[in-house]
Amino acid sequence: MELKIQNVSMTYPNGKQALKDLTLDLRAPSLIGLLGPNGAGKSTLMQVLDGRRRPSGGMVRLGTGARPSIFEQQQHRAGAGRVIDAIWDKYPQMTELEVRSHLARLGFRGETVFKDCASLSGGELARLRFAEIVLERPNLLFLDEPTNHLDIYTRENLTEALMAYTGTLL
């Protein structure tokens, strides 16, 4: 798996430049940390790499076999139905028991699987997104401030999961 970034630039409509001539070549497995102050362009870069934003210049190329997934800083689920449906709609081949067991591993037990996604807290939305990511089986994972809104128990579980992750992590 490879991710190649050549001379990527990103300028917002207001003229502010978030990225300028960024070049990077990632080969699996890699672990890259992006550090910088708020507004430095870290989230923008991840959105460009994930294809959610088009760069103003340059090129992003995912190698053959790349299966990317992104965990965004803010999770949005308005109108998505119930927690169980968020998984079941994407993986209809799973039985109800399989979906509920999977969700239970991320703290959704009992009647909470029938909770409306629009009423979930920030931490619950994050856990639901991680439930989706596990099933996606990405080999290229973009994490944008993944511990925001998580309780200590969930942070510890996330840390363990990421330590066992064998793909490329940015």
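Which strands are included in what covers the buried residues of H1? The structure examined here is a predicted model, in which local features need pLDDT of at least 70 and side-chain atom pairs count only at pLDDT 80 or more, while totals for chains, interfaces and linings use all residues. Residues are numbered from 1 along each chain as its sequence is written, and side-chain values use heavy atoms, with hydrogens and water left out.

The covering of the buried residues of H1 includes strand S1 (2-11), strand S2 (17-27), strand S3 (57-62), strand S4 (68-71) and strand S5 (140-143). Helices (H or I, at least four residues) and strands (E, at least two) are DSSP runs, numbered from the N terminus. Helix H1 itself spans residues 42-49, and seven of its eight residues are buried. Here, buried means under 20% relative accessible area, exposed means over 50%, and partly exposed lies in between (1.4 Å probe, protein chains only). The buried residues of H1 are Lys42, Thr44, Leu45, Met46, Gln47, Val48 and Leu49. After H1 comes Gly51, which has a positive phi near 90°.

The protein contains five helices and six strands. Read from the N terminus, the order of the elements is β-β-α-β-β-α-α-α-β-α-β. The C-alpha trace spans about 50 × 35 × 30 Å along its principal axes. The radius of gyration is 17 Å, which agrees with the value near 15 Å that a compact globule of 170 residues would have. This radius is taken over C-alpha atoms, and the globule rule is 2.2 Å times the number of residues to the power 0.38. Of the 170 residues, 40% are buried. Among contacts (heavy atoms within 4.5 Å) between residues at least 6 apart in sequence, 65% join residues at least 24 apart.

In helix H3 (residues 96-104), the buried residues are Val99, His102 and Leu103. These residues lie on the same side of H3, because they cover an arc of only 95° around the axis. The arc is that of the directions from the helix axis to the C-beta atoms. The buried residues of H3 pack against helix H2 (83-88) and helix H4 (122-136).

Strand S6 (residues 168-169) includes Thr168. Thr168 counts as buried because its relative accessibility is 0%.

Rolling a probe the size of a water molecule over the atoms shows where empty space is left. On a 1 Å grid over the protein atoms alone, a pocket is an open set of points where a 1.4 Å probe fits, with protein on both sides within 12 Å along at least five of seven lines; lining residues have an atom within 4 Å of a point. Grid points are joined across faces, edges and corners, and a volume is the space filled by probe spheres set on the points.

The largest pocket has a volume of about 580 Å³. It is lined by 22 residues, of which Leu106, Phe130, Val134, Leu158 and Ala161 are the closest to its centre. Two or more lining residues are given by each of H4, S5 and helix H5 (152-164). The largest share, seven residues, comes from H5. By class, the lining of the largest pocket holds 13 nonpolar, five polar and four charged residues. In this classification Ala, Val, Leu, Ile, Met, Phe, Trp, Tyr, Cys and Pro count as nonpolar, Asp, Glu, Lys and Arg as charged, and the others, Gly among them, as polar.

The second largest pocket holds about 200 Å³ of space. Of its 13 lining residues, Leu34, Met46, Leu143, Glu145 and Leu170 lie nearest its centre. The lining of the second largest pocket has nine nonpolar, one polar and three charged residues.

Several details of the backbone remain to be described. Most residues other than glycine have a negative phi, and most peptide bonds are trans. Glu145, in the loop between S5 and H5, has a positive phi near 50°. With 31% relative accessibility, Glu145 counts as partly exposed. Asn7, which lies in strand S1, also has a positive phi, of about 50°. Asn7 is partly exposed, because its relative accessibility is 45%. A cis peptide bond, with omega of about -15°, joins Ala28 and Pro29. Pro29 belongs to the loop between S2 and H1.
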